[in-house]
Amino acid sequence: CSFLSNKFVGEYRLISWPDRLLNTIDDDQKDQGYIYRPTPINYYQQTFKDSNNWFDEWMSFMSKTGIDILIKQKDNKYAKKYRDEILKISKDKDEQNTFLILNIILLCIFDG
């Protein structure tokens, strides 16, 4: 996938930041101690029947766990760098949420 080597995607950590943050999550309420994002590149315990099954699992994870974690961490240094750059060309304050939206969309593509 050529988007993985895209300079903009890499420079602003649009995939690597959410991947690291959500790959393996400490969970004190589980016996195992971890929650894994549904993706074939980590220790996720289940086997996916097909891409529809993976997407259902991924969407469930993101809606129950992933998005909340990303929102809590949304003011990270990568988001600030992205916002500073975008606000140079757009004065629209709604652009500040674009970083989080791009993280979610590109992480889904990466995992898929």
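This is a predicted model: local features need pLDDT of at least 70, side-chain atom pairs count only at pLDDT 80 or more; totals for chains, interfaces and linings use all residues.
Leaving aside its neighbours within four places in sequence, which residues is N103 in contact with?

View 1. Beyond neighbours within four places in sequence, the contacts of N103 are R13, L14, W17 and P18. L14 also takes part through its backbone: the side chain of N103 reaches the backbone oxygen of L14 at 3.0 Å. N103 has a relative accessible area of 0%, so it counts as buried.

**View 2. Packing of helices α4 and α5.** Helix α4 covers residues 77-89. The two helices pack at an angle of about 120°. Their axes lie 9 Å apart. From α4, the contact is made by Y78, A79 and Y82. From α5, T98, F99 and L102 take part. By class, five of the contact residues are nonpolar, one is polar and none is charged.

**View 3. The whole chain, with five helices and two strands.** From the N terminus on, the order of elements is α-α-β-β-α-α-α. The C-alpha atoms fill a box of roughly 45 × 35 × 20 Å along the principal axes. The chain has 112 residues, of which 38% are buried. Of the contacts between residues at least 6 apart in sequence, 54% join residues at least 24 apart.

Methods. Residues are numbered from 1 along each chain as its sequence is written. Side-chain values use heavy atoms; hydrogens and water are left out. Buried means under 20% relative accessible area, exposed over 50%, partly exposed in between (1.4 Å probe, protein chains only). A polar contact is a pair of N or O atoms within 3.5 Å; within protein, one must be able to donate a hydrogen and the other to accept it, and residues adjacent in sequence count only if both atoms are side-chain atoms. Contact means heavy atoms within 4.5 Å. Axes are lines fitted to C-alpha atoms, for helices over the stretch in contact, and angles run from 0 to 180 degrees between N-to-C directions. Helices (H or I, at least four residues) and strands (E, at least two) are DSSP runs, numbered from the N terminus. Ala, Val, Leu, Ile, Met, Phe, Trp, Tyr, Cys and Pro count as nonpolar, Asp, Glu, Lys and Arg as charged, and the others, Gly among them, as polar.
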